Amino acid sequence: MKKAKPNISHYALSNLQSNNYIQKIITQNVDEFHQKSGSKSILELHGSLSQIHCLNCGHIKQRSDYQSILSDLNPKWNDFLKNIELGKINPIVRPDGDIDLPHGTSYDSFNYLSCIQCSNGIYKPSVIFFGENIKNSIKNETIDLVQNCKSILVIGSSLATYSAFRIVKLASDLGKDIAIINLGETRGDNLSFLKIDFPCGDLLPAIADQLTKL
């Protein structure tokens with residue numbers, strides 16, 4: 001994740017936003033690529049991988065700092081990770097990004113730092129895992145953004161998760177214009193006035209280029 005970078009679509013959206021064609025961005029992604037590409041006013045629906053928080057007191061810490069601490073506390077696990085990065089070990093990577101560890105691997109030797117603020121809490125990545133609920137504050141901010149917008153453009157999402165689909169449904173209920181750019185069907189196709197089945201990486205830069213010439 002640290003090595004991954006924004007793609008051409010992220011930069012096109014940043015361009016459109018800086019020229020006032022887009023006001024706000026609501027993202028399902030947790031990679032902060034929108035921020036890295038220069039976009040502002042971003043609502044992260046499912047949180048961000050760059051931070052962790054204590055499950056007991058809520059203390060927030062940067063993930064990169066904690067990752068370094070974990071590496072120092074677990075030299076054998078850190079060596080295992082380095083061997084993966086060097087290509088000496090080729091583990092099985094699951095669709096969700098998890099890695100199958102060698103058979104018989106024990107977690108008993110894994111050490112971790114408790115919360116530095118309350119001393120007994122466990123840190124967790126500040127993202128919404130499957131089965132968890134989005135914070136009410138995020139839900140309320142999302143509703144406010146939809147209520148005060150003129151239209152919504154859905155980009156690169158099938159809207160399969162209800163947390164995303166509910167935004168489009170609310171916009172439809174409020175009579176907002178909805179357009180969708182996505183390869184394949186989406187859950188909100190019947191709610192949109194415009195659906196473009198085309199790669200956003202090809203389309204968005206062209207749109208940004210044309211609009212910024214006006």
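What follows is a talk about the labels and the values behind them.

Modeller: Happy to. This is a predicted model, so local features need pLDDT of at least 70, side-chain atom pairs count only at pLDDT 80 or more, and totals for chains, interfaces and linings use all residues. Residues are numbered from 1 along each chain as its sequence is written, and side-chain values use heavy atoms, with hydrogens and water left out.

Colleague: Why is Ser9 called buried?

Modeller: Buried means under 20% relative accessible area, exposed means over 50%, and partly exposed is in between (1.4 Å probe, protein chains only). Ser9 has a relative accessible area of 8%, so it is buried. Ser9 is found in helix 1 (residues 8–18); helices (H or I, at least four residues) and strands (E, at least two) are DSSP runs, numbered from the N terminus.

Colleague: What is Ser9 in contact with, leaving aside its neighbours within four places in sequence?

Modeller: Contact means heavy atoms within 4.5 Å, and Ser9 has such contacts with Cys200, Gly201 and Leu204. A polar atom of the Ser9 side chain also lies 3.5 Å from the backbone oxygen of Cys200.

Colleague: What makes Asn7 a cap for helix 1?

Modeller: A side-chain oxygen of Asn7 lies 2.9 Å from the backbone nitrogen of Ser9, at the N-terminal end of helix 1. A polar contact is a pair of N or O atoms within 3.5 Å; within protein, one must be able to donate a hydrogen and the other to accept it, and residues adjacent in sequence count only if both atoms are side-chain atoms.

Colleague: Cys57 and Cys118 interest me. Are they buried, exposed or partly exposed, and how do you know?

Modeller: Cys57 has a relative accessible area of 35%, so it is partly exposed. Cys118, at 23%, therefore counts as partly exposed too. Cys57 touches Cys115, Gln117 and Cys118, not counting residues up to four places away in sequence.

Colleague: Which residues does UniProt list for "binding site"?

Modeller: The unreviewed UniProt entry lists Cys54, Cys57, Cys115 and Cys118. They are spread over 65 residues of sequence, yet cluster in space, with a largest C-alpha distance of 8.6 Å. UniProt positions are in the numbering used here, feature names are shortened, and annotations may be inferred rather than shown by experiment.
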